[in-house]
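Here's a quick tour of how this chain packs. Have a look at the model first, then read on.

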Amino acid sequence: MKKTVAIVYGGYSSEAVVSEKSLAGLLTFIDSEKYNLVPVFISRTEWSAVINGKHLPINREDFSFDNEGKKVKIDFAYITIHGAPGENGQLAGYLEMLGVPHSTCPSLTSAMTYDKFVCNSYLRSFDVCVADSVLVKKGRPFDVEKIAARLGMPCFVKPSAAGSSFGVSKVKSIEQMMPAIEKAFTESDDVVIESFLDGTEVTCGLYKTKQRTVIFPLTEVVSSNEFFDYEAKYTPGKTQEITPARVPDDIRDKVQQTASQVYDLMNMRGIARIDFIICKDKIALLEVNTTPGMTATSFIPQQIKASGAKLNDVFTEVIEDILN
């Protein structure tokens, strides 16, 4: 009998629009002949299974739903919410308490990776190279002059506990600092300000099962914008995404080794994507993504294809490893 796999999308943040695009991709990537695929929409006001255009309420006591008088038990949740509550560990914790297997990392891992400052501080303690950074909190005093003196210009201002598509600014002057911080505060009460690293940006997708480690070819990211922002990500022609990346083999190997190390240090699970920047004298980690985008043109599907693997096979392997 086919197991029911819920593809959980939506969420509470601005990135809900990205999540919906990932849902469309996953409905084709996950083998519908092997699994019953059910989109499950989550917002602050609604949790529903979406079947034939109907929104059927989710019973939050056991994450089931009723369809035409029959109770449907969800066997596995593939979480593709970018932002709260899917990427920050809240949904993972809820499912773990109910005993419902899911695709993402354990709740603590998700919470740590979601907060950029916490994640980078933790990984720095293991000698993983990350940008120098300062954390500012809404409602607490901070001095932009001191921050600028420490980090230099340009620098990046980002919501610390949010996704990576909204509220991010590249700041080139002290006058731009406060507006950028206020913009980031619309997405998170904590804002991280990072020093600028100049180099080649690459991203590495990977997953590990009980039997093996799979690390995909790197993708090189060349944006025509100031940085890889929402417009660059989702506007055709704004970004070159080159897979495999045009980097020497020894650099590729180092990036992949570091990605594998980070995966283990963070106790990750399922498919993850880890972003790096290759500078002249170092390879620095930019961000850890526990629920990477899964649109038809997202990095992970590109990398799977470049590796020679089949999308259906990869997602089946990941799901079956967690189920068993």
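## Around helix α5

The cover over the buried residues of α5 includes β8 (133-137), α6 (174-185) and β11 (190-195). Those buried residues are Val144, Ile147, Ala148 and Leu151 of helix α5 (residues 144-151). They span an arc of only 95° around the axis, so they sit on the same side of α5; the arc is taken from the directions from the helix axis to the C-beta atoms. On the face turned away from that side, α5 carries the exposed Glu145, Lys146, Ala149 and Arg150.

Buried here is under 20% relative accessible area, exposed is over 50%, and partly exposed is in between (1.4 Å probe, protein chains only). Helices (H or I, at least four residues) and strands (E, at least two) are DSSP runs, numbered from the N terminus.

## What kind of model this is

This is a predicted model, where local features need pLDDT of at least 70 and side-chain atom pairs count only at pLDDT 80 or more, while totals for chains, interfaces and linings use all residues. Residues are numbered from 1 along each chain as its sequence is written, and side-chain values use heavy atoms, with hydrogens and water left out.

Terms used
Contact = heavy atoms within 4.5 Å.
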